[in-house]
Amino acid sequence: MNYKFLRMVQIGILLLGIFVLFNFNAGVATAQACSGGTIQETLPTDATWTLCWEHRAEEGVVLSNIFYTTPTNIKRKVLKEAGLAQIHSPFNDNSERNHYVTEQGLGDTSLVPLTSANCPDGTLIQHDGVNILCSMIENRGYIYKYKSNQRQGYYLTLFSVSNMNGQHFIVRWRFYDDGSIEPSIGSTGVVSRRSTDARYGWPIQNNSDIGVGYVNNYYWRLDFDIGENGSNDIIEEFNIASTNSGSEKSLTVSKLSSETSRSVDAQQKRSWRVRDGSITNTDGHAVSYHLEPMQMGNRYVGPNNEPWTANDLFVTKHQPCERFVSQNSTADGCGADVSQFVNGENIDGADLVLWYRISYHHLPRSEYQPYIPLHWDSFVLMPRDWTATNPIVN
């Protein structure tokens, strides 16, 4: 065979391989590209969180492409996107029934500019020249302790603040070195509605000055992509029922195969996990993240014309037009609220979106003057079988 011809063929194959590799990597980079900014932090325990953030007028700060890397260098994707899908705040006297995300928006001028005093020892992140996001690494105390064996841990904290008609909402995300994620909202501000009718609240100055009570319903939208491939995830519900006259507790794990809505159940200690359809840890257990309800004492169910308040968790298959829990645009045939998103689609091995709600009822008291004490509401997403052992043990 002609040597020059053979050499040209070899060079051609090499160039084709480089072209294919470049375009493949470019596709991956495009898939993981941040439309806003990138945050990557390695905590003192050598765990690393990598994620994107972006500003939106309605949701405020939205996070995406969230990866957790263990100190042993196991890196996997957890969430494709995470943010608030509504803050629904009805007052006890029915004088207002706010939908803050869609009516006013957590972003743009609602975002409170942050200063270094708001973000001690942290990093301020700007959007359009305004400091809207604080990033801090904080000590969280014990990771574990057994006799003389112990280790101190850390988390990455990200937060923004939005002003809504006198209420200030601090939207905070904590990313722990053990892989746990804690979404939370702090509510503070000033009493925005007063009445003379004691049926609807509590006297805060004199007996005729009633601070009207109200509920904050917080709804998160969590688009999971466990282990990079978001189209093969599975959701399971955990219930722990009393057996043997209540002396024993029996675990039942049920796969949810179609779009559904569920309520928290403290009696059965109900929780949910999203697991990958193929990836396992070295013990052969499916890697997953577990949604653990933390606060269930103020559960709220509204009138019939607010069907999204009837349940605490909605599980749907990803649809681009499904953005908000209430007051969602019905363009392109999309439902007006999350209860209409649940229409029986198969979700077994699908791109799953979880919509999770926490409620808190504010009954004003004298201490709400002049400023409402900060109240936090949160839940936890924790790794389950992500690794075969505790990844933070020395």
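Select Trp355 to begin, a residue that is buried at a relative accessible area of 1%, where buried means under 20% relative accessible area, exposed means over 50% and partly exposed lies in between, with a 1.4 Å probe and protein chains only. Before going on, keep in mind that this is a predicted model, in which local features need pLDDT of at least 70, side-chain atom pairs count only at pLDDT 80 or more, and totals for chains, interfaces and linings use all residues. Residues are numbered from 1 along each chain as its sequence is written, and side-chain values use heavy atoms, with hydrogens and water left out.

Rings of Phe, Tyr and Trp (its six-membered ring) pair if their centres lie within 6.5 Å, and planes under 30 degrees apart count as stacked, over 60 as edge-to-face and the rest as tilted. By this rule there are 11 aromatic pairs. Select Phe91 and Tyr214 next, which form a tilted pair with 5.3 Å from centre to centre and 35° between the planes. This pair links distant parts of the chain, 123 residues apart, with Phe91 in the loop between strand S4 (75–90) and strand S5 (97–99) and Tyr214 in strand S14 (residues 214–224); strands (E, at least two residues) and helices (H or I, at least four) are DSSP runs, numbered from the N terminus. Phe91 counts as buried because its relative accessibility is 3%.

Now select Tyr100, Phe169, Tyr218, Trp220, Tyr356 and Phe379, which ring pairs link into a cluster.

Finish with Arg172, whose charged end sits over the ring of Trp376, 3.7 Å from its centre; such a placement requires NZ of Lys or CZ of Arg within 6 Å of the ring centre and within 35 degrees of the ring normal.
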